[in-house]
Amino acid sequence: MTNTSITKEEIMAIYPKVAETMADALGREVAEMKLDASLINDLGAESIDFLDIVFRLERGFKVKIPRGKLVEDARGSLSEAEFEKGGVVTDAGFERLKSFFDEVPAERFKNPFKVADIPRLFTTETFCKIVIRQQRAAAAATPA
Amino acid sequence: MSAPSIPDSGLAGGVAIVTGGSRGIGRAIVQTLAAAGMEVVFTYRDNAAAAAEAVAATPGAKVSAEPVDVRDSAACAAFAEKFFDRAERIDLLVNNAGVIRDNALAAMTDEDVRTVLDTNVTGVFNMTRAVAPYMISRRCGKIVNISSISGEKGGRGQTNYAASKGAINAFTRALAVELAPRGITVNAVAPGVIETEMSRDVRERAADQVLSRILLRRIGRPEEIAHAVWFLASKYADYITGEILHVDGGFKME
């Protein structure tokens, strides 16, 4: 499943609800939320906040977001060996990350890139895309 | 049996999940929490008659029973979601469901090992993973795990059970660290020898030997464990987390 086909209109349609949900989880004002804000660097999120955000988005949008798949999805069709070596993303993996997280400003990607730093890429818009992908997956799985 | 009569434990109006609440210690916990004014749903694996009897034993209280095998993570998740959708809050989780299959290690079957670890350890992981997000999102909640004296002191023929309860102690401390920033406390109660069906074998097998090691020279009662759970669940324990509270009459073992 690619994410390039997600339009800005689709994202903006759900953004207000995603921003409100994330602000609630992070104890922030909705006004502080920005589409390209890094959850960790700009909004001070910790790993447990990701769990809380995923949980709230699942309930708010009635979708299922498989645990532990957030980073796995970013790897796409690359095998683990093709994607990273010794905790550092390979050149192929780096290109894959840039295309998967195409909503993230380019200056946030610095090669070499550590696997452990992937969560730092997540922005509010990243979560909008996750919700949209899961909504599409659910719609595709439902018999017409 | 009744709950301690201290006014306002902070539990009245709250909502609790107790795993394995049909009999023994679990049943006493359900009754005590209900007496403190909580709505309690308890799980049971397959003994519907015992569960129905436990519900009937608390007339007038908000007590219900749900068949959930804690070894099944999807079942735990579905149960937690369904319960939260109705109750709109989960204030307390008591991981009580446990089994015992004592035997000398050499004679222990794969099934003896698997059954004990799956229920006593994996079951706690499953239900806690299912319930914790509801507490995290509300920034409050209490988790009380039922451990055992076996988790720290060796008991003959209990390698599987002891390993499972030692794991629960470690789980309790690690989860306390993880959930503290979200206002959730995680503690355990470690019972000694308690008058239940589960401990009947050890009580019958080695009654004198067991009693000689208990400083208070008597077997504990299920409600004495329930009162410790009540305390850890109450507002009086708001500042306690990562603790293993031993309720064992001063049990000593060489």
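Which residues does L97(A) touch, not counting residues up to four places away in sequence? In this predicted model, the partners of L97(A) are A74(A), F83(A), V89(A), F109(A), F113(A), I118(A) and L121(A). L97(A) belongs to the largest nonpolar core, which comprises 43 residues; together with F101(A) and F127(A), L97(A) touches the most other members of that core. Several helices of chain A each supply at least two residues to this core, namely α1 (8-26), α2 (47-61), α3 (69-75), α5 (91-100) and α6 (124-141). Of the contributions to the core, that of α1(A) is the greatest, at nine residues. Another core, of 32 residues, lies apart from this one and includes V15(B), F83(B), M127(B) and A130(B). In soluble globular proteins, nonpolar side chains tend to be buried together.

Within chain A, the packing of α1(A) against α6(A) was examined next. The two axes come within 8 Å and cross at roughly 110°. Angles of 65 to 115 degrees count as roughly perpendicular, and α1(A) and α6(A) are therefore assigned to that class. Their crossing is right-handed. On the α1(A) side, the contact involves K8(A), E10(A), I11(A), I14(A), Y15(A), V18(A), A19(A) and M22(A), which meet T124(A), E125(A), F127(A), C128(A), K129(A), V131(A), I132(A) and R136(A) of α6(A). Classified by residue type, this contact has 10 nonpolar, one polar and five charged residues.

In chain B, a helix pair is formed by α3 (residues 73-87) and α4 (residues 110-138), whose axes are 7 Å apart and pack at an angle of about 35°. This crossing, too, is right-handed. The residues of α3(B) that make the contact are S73(B), C76(B), A77(B), F79(B), A80(B), E81(B) and F84(B), while α4(B) provides N126(B), M127(B), R129(B), A130(B), V131(B), Y134(B) and R138(B). By class, nine nonpolar, two polar and three charged residues take part.

The C-alpha atom of R114(B) is separated by 8.6 Å from that of N160(B), although the two residues are 46 residues apart along the chain.

Technical notes:
Residues are numbered from 1 along each chain as its sequence is written. Chains are lettered from A and ligands numbered from 1 in the order in which they are written. This is a predicted model: local features need pLDDT of at least 70, side-chain atom pairs count only at pLDDT 80 or more; totals for chains, interfaces and linings use all residues. Side-chain values use heavy atoms; hydrogens and water are left out. Axes are lines fitted to C-alpha atoms, for helices over the stretch in contact, and angles run from 0 to 180 degrees between N-to-C directions. Helices (H or I, at least four residues) and strands (E, at least two) are DSSP runs, numbered from the N terminus. A crossing is left-handed if the near helix is turned anticlockwise from the far one by less than a right angle, and right-handed if clockwise. Contact means heavy atoms within 4.5 Å. Ala, Val, Leu, Ile, Met, Phe, Trp, Tyr, Cys and Pro count as nonpolar, Asp, Glu, Lys and Arg as charged, and the others, Gly among them, as polar. A nonpolar core is a set of buried Ala, Val, Leu, Ile, Met, Phe, Trp, Tyr and Cys residues joined through side-chain atoms within 4.5 Å. Buried means under 20% relative accessible area, exposed over 50%, partly exposed in between (1.4 Å probe, protein chains only). Angles under 35 degrees count as roughly parallel, over 145 as roughly antiparallel, 65 to 115 as roughly perpendicular and the rest as oblique.
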